[in-house]
Amino acid sequence: MLVNNDIHMARYITIAADLAEHIVRGEYQEGQKIFGRSTLAGKYSVSPETIRRALTLLQEVGIVEVTAGVGVVVKSTESARKYLDDFDQRRVLAGLHEQLHDLIKERDRLNHEIDKLLEELMEHTLHLENKLTKIEEWKVLPDSPLVGQPLAKTKICKGKILAIQRKGMDDITDLTEDIIIENGDIFTIYGRLEPEAREGLVRV
């Protein structure tokens, strides 16, 4: 039987395809009368109206002839074979549409989950931002009172000075007490800048 329960197609269409397959297999010969609507309705567990629509479809494509007072007579095995080929193509197309629909639903679900996680991450980050010790860089301006002062006599940050970037030199990481602070020096600090040290400094 051609009916694929995984793909949602109208019931009368799949019944028409099943009848066409019986004809192609030779179970119904050309010129042979097949079961009436009531018998077919019972066989497929559907209403007579569904069978009527299936037979109308088969008649439209030249597979059977439905005549009042005579019944349903097989007209063309070749038309049945062509209908099955077309039906298989429609079934493939329907399957692709259904797969695409399912993937879009899954994508939307994942996007929703991603948005929720991003929101939680941002909320958590903002909550902890002020509690976490940060690495910052501060540049000494020309009018800073720190210019010309030895590093040992200054109190720049609550934490540790990791390095001093000085123009034309490699980063100074061996911070001895006799280092003199110069205009343009950039302090890399681990911790928070002391409020009184902010005068003459700019964050970079």
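**Lysine 33 and its surroundings**

I begin with a side-chain contact: a polar atom of the K33 side chain lies 2.9 Å from the backbone oxygen of V70. Please keep in mind throughout that this is a predicted model.

K33 belongs to strand β1, which covers residues 33–34. Beyond residues up to four places away in sequence, K33 touches V70, G71, V72 and V73. Consider V73 in particular: 40 residues separate it from K33 along the chain, yet the two C-alpha atoms are 4.2 Å apart. Is K33 buried or exposed? Its relative accessibility is 53%, and the cut-off for exposed is over 50%, so K33 counts as exposed.

Let me turn to an aspartate. D185 sits in the loop between β5, residues 157–165, and β6. Its relative accessible area is 1%; buried means under 20%, so D185 is buried. Which groups does the side chain of D185 meet through polar atoms? One is the side chain of R166, in a polar contact at 2.6 Å. Another is the backbone nitrogen of E182, which the D185 side chain reaches at 2.8 Å. Setting aside neighbours within four places in sequence, the residues in contact with D185 are W138, K139, V140, I164, Q165, R166 and I180.

Strand β6 pairs with β4, residues 135–140, in the antiparallel sense, over five bridges. Within this pairing, E137 has T188 of β6 as its bridge partner.

Next, a point of backbone geometry. Most residues other than glycine have a negative phi. S45, although not a glycine, has a positive phi of about 55°. S45 is located in the loop between α2, residues 37–44, and α3, residues 48–60. With a relative accessibility of 67%, S45 counts as exposed.

Finally, the surface. Which residues form a nonpolar patch there? They are L110, I114, L118 and L121, which together have about 360 Å² of accessible area. Of these, L118 is found in helix α4, residues 77–129. L118 has a relative accessible area of 48%, and is therefore partly exposed.

Thank you for your attention; I shall be glad to discuss any of these points.

Definitions and conventions. Residues numbered from 1 in each chain as written. Predicted model: local features only at pLDDT ≥ 70, side-chain atom pairs only at ≥ 80, totals over all residues. Heavy atoms only, no water. Pairing = 2+ DSSP bridges. Helix = DSSP H or I, 4+ residues; strand = E, 2+ residues; numbered from the N terminus. Buried < 20%, exposed > 50% of the residue type's maximum accessible area, 1.4 Å probe, protein only. Polar contact = N/O pair within 3.5 Å; in protein donor to acceptor, adjacent residues only side chain to side chain. Contact = heavy atoms within 4.5 Å. Patch = residues over 30% accessible without salt bridge, like charges linked within 9 Å, V, L, I, M, F, W, Y side chains within 5 Å. Areas by Shrake-Rupley, 256 points an atom, 1.4 Å probe, with all protein chains shown as cover. Salt bridge = Lys/Arg side-chain N within 4 Å of Asp/Glu carboxyl O.
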